[in-house]
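Please read the points below alongside the sequence and the model.

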Amino acid sequence: MKKEVATAGRILAVLGPTNTGKTHFAVERMLAHESGMIGFPLRLLAREVYDRVVALKGAAAVALRTGEEKLGSDQAAYTIATVEAMPMQRQVAFLGVDEIQLCADFERGHVFTDRLLHARGYHETMFLGSDTIRQALKRLIPSAEIITRPRFSTLSYAGHAKLNRLPRRSAVVAFSTADVYTLGEIVRRQKGGAAVVLGALSPRTRNAQVALFQSGEVDHLIATDAIGMGLNMDLAHVALAGVHKFDGRHQRKLTPPEVAQIAGRAGRHMADGTFGTTNGCEPLDEHLVEAVETHQFTSLKALRWRNSFLDFNSIEKLRHSLDAPPRHPGLIKVRDALDDRSLALLAQRPEIRSLAQGRERVQLLWQVCQIPDFRKMLTDAHLHLLSTVYRHLAGSRGTLPNEWVGKMIARLDQVAGDIDTLVQRLAHIRTWTYLAHRADWLIDAPHWQGIAHAVEDRLSDALHERLTQRFVDRRAAALMKGMREQGLVASAIEDEGQVTVDGHTVGRLEGLRFTLAASETDLGRKVLSAAARKAIEPELIRRAEAIRDAADAALTLDEADRIVWQGSPIARLCHGSHPRRPQIRLIAGEEFSPRSVAIVEKRLGRWLDDWLTARLEPLDALDAAARSETISGSARGVAFSLVEGLGSVERSIVAALVRQFDSEDHRILKRLGVRFGLSNLYVPALLKPAAIEARTRLLRIAEKRPLAIPPAGRTSVREAVAPDLAQKLGFMSFGGFMVRQDVIERLSAGLRRLARQHRVFALPLDLAGEAGVTRAELAAIIEQLGYRRVASQDAQRPDQSTEHALPAYCASPRQKERSARPQDKGQTVSVHSPFALLATLKGAS
């Protein structure tokens, strides 16, 4: 029986907290020897040290050995490896193992304990780790020299802080993937973004995420306790978002050394660091805080151990040897590691038992059981993979079929999908990367290594991109960095109105309004807004002054009643204190200064007054007459009604006032452009296209109702408009269409002539053409004007005696009375009319 504890050369244990330079010291010691090997707990850390040693000694002198990577020659002087992948058959002058306190780890502890007991350099052996292993190490290796290295910088407790109050260069640590995602999205909204580190990420993805943080593109990191080991970053503060974790079996509270391992990531070399809690996490116990700050922890009571000298003569003997008890106190036998559980489950399958006959086949089965499951769970899918691999290797060919390997890898070579999907694919492909490095299991191992690594890299890059898209507002983060580092950043306004800051488009300036580019984060909006304000303030001042000096022709109105300047709306007309005086509301943001607002509002007010006067000048004259004391009350009442009707009023409404007119009243209103029609009083000048446009705009603004501007020059419009609105537009409504008032008056006059000449007359088609209406529309107009339809054989037309094809009309009794008394004698004004009082003014005067 071999000795349980190996001895050779000098054995040195370098113990202490994080940031003591232990790893750097070990690498220096290794390079002082002619050969050496160091085992690290993570592939990521092993690769980092490998790159450093290659830079010092050259690639030919260094080898990298991990489960998923093999670089360099087996004869290289120096080997950097993960602890599990250390080539223990090699004899080296120096041998080191990092984070040796992981001898107590539930899943991997037995591997570290095996290295503690058996891994030796023939000149020097060095174990690096926490001081918590001191007592156990003294018991197991009494000859070891133990030195303690103090932390380079101070680690102090900063208490609780809300997420939005965390300082720059902070890491937030949570203990579930869901919590990491939730915190990442919050920090994106509040801080512009965060890098994300999970244990399930591939080294390439983890490196890319850490690079986001290290480069300063983001100032925060959201991670699981995976950052507690092997990730060296420029962290100033570590905030715990919880103090409980699921360790694979049950939910438990973090131990003080675990808190210290995580918190110790804060501070680099001589820079002090702080730790605390966030996101509602309970405050840390004062005894825990004191232990972390002083690096004083209870020693490990036991290390996990498993027999390294296994019997492969049969499955039963292998399992029995795995069950052997430790020979030293303070060691706890491990029987539930992943490989051990895989062996127990596979051994129950008859096809596996039938193949696992003889020492070589049993040893092969044990090697297959040690294929890692990077999802950290023993699932049926993983067991099926192990079973299939073993059956191929134990078969007649003794290797994995190329077709099967290619098919399995090709299924994973897909970069589409969300974060969780890519994480699952990465876990699978990492297993295949491990298999590809078993040269004795594949026909062309280097080929499959290249294929598996390429797929892993593509998946890793895609996962990094998805994480960045979800948790980083790159535009806001870049602007923050630029503003922080440079104070002021270059800004510009492009010809099309795009506003750029430091090369990033932050929004668009249209007219006087700046529209911020879409941002999903609160911080993004704040940063973009602040940066854009610096860029556009001078331009907005220049535009305000340009509007002030602009000619009237440079300002127009669009279909939405907005004032347009240089192709962009700068103000909107809204309901004001009076229908003829709409309010001007600027279309501008808070970036537009009060001084500029005053300049533009004054200019637009002057322009609107001129625009309305040019189109509605007769209304101003009527308004002045309505307020004058030099004309009679009845004339003022009619003038007032015309102003309120925007230039027209139904005759029946003011009939009582008109009957009280004397000849002077008629002359005054006619000089003001008023036409006294049979149905309406109106101002012909206000029926011009420009005046009708202005009336339409004023009316739809005051009434807050949609109303299309009648086409210029059209005497009839086929649109259903309410009678009161049509009246104020200068039209008369006939259900589905309306006709301009002056045309209606000409129709009325023509119909009166026909009615006087003929008792019954046919539909006058010549009047339809003059009015611009159809035959059916003319019939509707005639009937609404008070004529009665009669039998067509009695009709007389001016150009022929009878016409049987056209409908015929005669004047109704009411129409006859109107024809006989055109001055509307006998009509009375409604007591509800606002002009009833005005009707008495003439008599009172």
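1. A hairpin of 2 residues joins strand S25 to strand S26. These strands, S25 and S26 (residues 581-586), pair in the antiparallel sense over 5 bridges, and the bridge partner of Arg572 in S26 is Arg585. Here helices (H or I, at least four residues) and strands (E, at least two) are DSSP runs numbered from the N terminus, and two strands pair if DSSP finds at least two bridges between them.

2. The model is predicted: local features need pLDDT of at least 70, side-chain atom pairs count only at pLDDT 80 or more, and totals for chains, interfaces and linings use all residues. Residues are numbered from 1 along each chain as its sequence is written, and side-chain values use heavy atoms, with hydrogens and water left out.

3. Strand S25 (residues 568-578) also pairs with strand S24 (residues 562-565), in the antiparallel sense and over 4 bridges. Opposite Val564 stands Pro569 in S25, and Trp565 has Ser568 in S25 as its bridge partner. The hairpin of S24 and S25 has 2 residues between the strands, and in it Gln566 takes a positive phi near 50 degrees.

4. On the other hand, S24 is joined by 3 bridges to strand S23 (residues 555-557), and the two run antiparallel. Thr556 has Val564 in S24 as its bridge partner. There are 4 residues between S23 and S24 in their hairpin, and Asp561 in the turn has a positive phi of about 60 degrees.

5. In which order do the strands of the open sheet lie? The sheet has 8 strands, in the order S4-S3-S5-S2-S6-S7-S1-S8, and the pairing is mixed. Its edge strands are S4 (70-71) and S8 (145-148), each of which pairs on one side only.

6. Ala13 stands opposite Phe127 in S7. Helix H1 (residues 22-31) lies across S1, S2 (36-40), S5 (78-82), S6 (94-97) and S7, and runs at about 170 degrees to S7. Contact means heavy atoms within 4.5 Å; axes are lines fitted to C-alpha atoms, for helices over the stretch in contact, and angles run from 0 to 180 degrees between N-to-C directions.

7. Arg151 is placed in the loop between S8 and strand S9 (155-160).

8. The side chain of Arg151 does reach backbone oxygens: that of Ser153 at 3.0 Å and that of Ala266 at 2.4 Å. Such a polar contact is a pair of N or O atoms within 3.5 Å; within protein, one must be able to donate a hydrogen and the other to accept it, and residues adjacent in sequence count only if both atoms are side-chain atoms. Leaving aside neighbours within four places in sequence, the contacts of Arg151 include Pro17, Asn19, Gly264 and His295.

9. The structure holds 45 salt bridges, a salt bridge being a side-chain nitrogen of Lys or Arg within 4 Å of a carboxyl oxygen of Asp or Glu. One of them joins the side chains of Arg306 and Asp339 (2.8 Å, N to O). This pair links distant parts of the chain, 33 residues apart: Arg306 is in the loop between strand S17 (303-305) and helix H9 (315-322), and Asp339 is in helix H10 (residues 338-346). Arg306 and Asp339 are both buried.

10. Asp742 forms a salt bridge with Arg746, with the closest N and O atoms 3.9 Å apart. Both residues lie in helix H25 (residues 741-757), 4 residues apart, about one turn of the helix. Asp742 counts as buried because its relative accessibility is 13%, whereas Arg746, at 39%, counts as partly exposed.

11. Finally, a network of salt bridges links Arg43, Arg47, Asp51, Glu68, Glu69, Arg430 and Glu456.

Definitions and conventions. Buried < 20%, exposed > 50% of the residue type's maximum accessible area, 1.4 Å probe, protein only.
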